Amino acid sequence: MAETPPASTLRRGSITLPSGGTFETGALTRTPNESPVGALQQQVRNPDHDDYRAGGLGESTWSVPHKCKYLTIHGKKAITDTAYGLMTIAGRQELERVSKIKDLGILIDEKLNFSDHLNEKVNKAYMMIGIIKRNFKYLEEDAFINLYKAMVRSHLEYAVSVWSPRYKKDIEIVEKIQRRATKLVRECKGKPYKDRLRYLNLPTLKYRRLRGDMLETYKILNDIYDNEAAPVLELSDTRMTRGNDKKLNKVMCKTDLRRHFFTQRVVDVWNSLPSEIINSASVNIFKNKLDKFWQTQEIFFDYKADIAGTGSRNWI
């Protein structure tokens, strides 16, 4: 008969809780095959533990419900207002319903139009432009490009695949930031926006978003991202030779919101790329080939234009 392995004891310590309080672990008894985390979990599950009753996990320190909120995503139709709550030692505590909530730096609203998030990013970008303007009396081309990419454009491209603007007014608002920023270069003053972009060799933000969508699509299809976290892109089973051998399947969409969702808006553009590009061995090679393929696209310097479905066949 196998002997039970001797138990070991962990020293008393404390763990910082999400509420900001601490939980005194006490003397936890565990077997050699049991992790300290497992021993702690057993103690937390036991409501008769002295530290639990003494307030270690009581209302004074384990006050999570007041930090928990819920968001209901819905369309234009009215929905039933359902109350949600969490059971605590003090009883059931109702959760607060909010119309928007920030997660990983993205402000998500109940309509999924991301207007609040867009306004926040626009204000931040203008703030950065103001900082550059106050601290640099004269900007040369190279200095401006480095400052603009690091301090301004980075705010407008963070997680843009999630909140990419789909309305014309929102596209105008975002593009207006770059329009104003390019005027900081003395040589660009008095020139039209397209000419300023050509002089600085800066693409439109609309082009950058489209290019970013293609990069994300490439990473997803080549398993660079975790499959359990990445959006699902379904490959088409069509045998048509036109386009590439990794065509995406496009489904019918009933709403405009769904039609402009990432997994749907990338289908047509991705399917128009040749196999020589989508079968690139690495992300950097894919970038270089895509830039050469789209180098003659009008959208590069004109945000009001749309991407042409064929691109240039002289990119090789």
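A: Glu175, Gln178 and Arg179 in H6 meet Tyr193, Arg196 and Leu197 in H7; contact means heavy atoms within 4.5 Å. By class, this contact of H6 with H7 holds 2 nonpolar, 1 polar and 3 charged residues. Nonpolar covers Ala, Val, Leu, Ile, Met, Phe, Trp, Tyr, Cys and Pro; charged covers Asp, Glu, Lys and Arg; the others, Gly among them, are polar.

The model is predicted: local features need pLDDT of at least 70 and side-chain atom pairs pLDDT 80 or more, while totals for chains, interfaces and linings use all residues. Residues are numbered from 1 along each chain as its sequence is written, and side-chain values use heavy atoms, without hydrogens and water.

H6 spans residues 168–181 and H7 residues 193–200. Helices are DSSP runs (H or I, at least four residues), numbered from the N terminus. The H6 and H7 axes lie 10 Å apart, at about 65°. Axes are lines fitted to C-alpha atoms over the stretch in contact, and angles run from 0 to 180 degrees between N-to-C directions. The crossing of H6 and H7 is left-handed: the near helix is turned anticlockwise from the far one by less than a right angle (clockwise is right-handed).

Now H3 (residues 115–135) and H4 (residues 141–157). Their axes are 8 Å apart, at about 165°. H3 and H4 are therefore roughly antiparallel (over 145 degrees). Their crossing is right-handed. Among the H3 residues in this contact are Met128, Ile129 and Ile132; H4 brings Leu147, Met151, Val152, His155 and Leu156. The contact of H3 with H4 divides into 9 nonpolar, 1 polar and 2 charged residues.

How values were computed:
Helix = DSSP H or I, 4+ residues; strand = E, 2+ residues; numbered from the N terminus. Parallel < 35°, antiparallel > 145°, perpendicular 65-115°, else oblique.
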